[in-house]
Amino acid sequence: MSTKILIIGACGQIGTELTHKLRSLYGNDNVIASDIRKLNNDIVNKGIFEVVNALDYNQIEHLIEQYQITDVYLMAALLSATAEKNPAFAWDLNMNSLFHVLNLAKAKKIKKIFWPSSIAVFGPTTPKDNTPQYTIMEPTTVYGISKQTGERWCEYYHHIYGVDVRSIRYPGLISWSTEPGGGTTDYAVDIYHKALKEGKYECFLSEQTALPMMYMDDAIRATIEIMQAPSELIKIRSSYNLSGISFTPAEIAAEIKKHIPEFTISYKPDFRQKIADSWPASIDDSMARKDWNWKHKFDLASMTKEMLEHL
Ligand code: AKB
């Protein structure tokens, strides 16, 4: 049986780039993009697209049967900053969409699931530097609690029901083609847009707030590599630590200044500072490197060059 893919949340920051890549790898007819609303963009216009509510089990089941889906990428979620503003809905969306997909795999209607976790599973009591795969995890955000709980359920469904679910703890993701949607790491995308348009940026995190980050190309490659790896190599069924770059707002600003010397940055931390302070500064991803041969390509300098060129 050939691979037929359903992406739920295909119009979001990661979903958009993932859909383009999967379509180029598997062919337009084998990749069904879906989202809660129909935007007028390439995702909708250049391939198969369906409107789907990630909270509606019957809708998802119907699509899976209609298109004989084998693999689901569940990208729909409320991110950290938005989730703090609407905790009940964030919990509902982040947890129940996952249960729907896990239960469809348990019922053998699909073969494989990709579900994204996040560095938000860690909390203020976690060791901050080079955070290990296995460590203290006491998340203090709704988003982090939902991701931590989701990880436990993924592992449970794998061990008890044999569900082939694979997951990565994404750091902050940076891309030029899609805007981020409601995260704490979003500043690292905004800063490039504002540097080019206005030559200045007011950052909502403080100067020395180091966070783990990654260029989107690396994140998409990691997602596809973990999904294509032979099942026996995926030893961790909660979620893998994944690391690319780690930098502070001051460091990214200094890198941008190399290309736009007149660029200036100022700092006005808001409620997102507390979220950022509870997360790691850098991540140890040696397990992903060992188990399925993960390697990142982009550093701060090469990412900045690409971002400024494309934007
Ligand atoms: C966020 O900032 O909420 C996300 C994440 C790190 O998961 N980018």
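How many residues of domain 1 are in contact with how many residues of domain 2? In this predicted model, 42 residues of domain 1 are in contact with 36 residues of domain 2.

**First selection: the two domains.** Colour residues 5–171 together with 217–241 as domain 1, and residues 173–213 together with 244–310 as domain 2; these bounds come from the domain assignment. The centres of domain 1 and domain 2, taken over C-alpha atoms, are separated by 23 Å.

Now display the ligand, which sits in the largest pocket. The ligand lies between domain 1 and domain 2, because both domains give residues to the shell around it.

**Third selection: the shell.** Select L79, S80, S118, I119, Y143, G183, T184, T185 and W279, the residues that surround the ligand. Four residues of this shell are nonpolar and five are polar, while none is charged.

Begin with S118, where an N or O atom of the side chain is 2.7 Å from an oxygen atom of the ligand. Proceed to T184 and show its backbone: a polar backbone atom of T184 is 2.7 Å from an oxygen atom of the ligand. Then select T185, whose side chain places a polar atom 2.9 Å from a nitrogen atom of the ligand.

Display the surface of the protein around the ligand. On its own, the ligand has 250 Å² of accessible area, and the protein covers 94% of that area.

Definitions and conventions:
Residues are numbered from 1 along each chain as its sequence is written. This is a predicted model: local features need pLDDT of at least 70, side-chain atom pairs count only at pLDDT 80 or more; totals for chains, interfaces and linings use all residues. Side-chain values use heavy atoms; hydrogens and water are left out. A residue is near a molecule or strand if one of its heavy atoms lies within 4 Å of it. A polar contact is a pair of N or O atoms within 3.5 Å; within protein, one must be able to donate a hydrogen and the other to accept it, and residues adjacent in sequence count only if both atoms are side-chain atoms. Accessible areas come from the Shrake-Rupley method with a 1.4 Å probe; for residues, only the protein chains shown count as cover. On a 1 Å grid over the protein atoms alone, a cavity is a set of points where a 1.4 Å probe fits but cannot get out, and a pocket is an open set with protein on both sides within 12 Å along at least five of seven lines; lining residues have an atom within 4 Å of a point. A molecule sits in a cavity or pocket if more than half of its atoms lie within 2 Å of its grid points. Ala, Val, Leu, Ile, Met, Phe, Trp, Tyr, Cys and Pro count as nonpolar, Asp, Glu, Lys and Arg as charged, and the others, Gly among them, as polar. Domain bounds come from an automatic or database domain assignment. Contact means heavy atoms within 4.5 Å.
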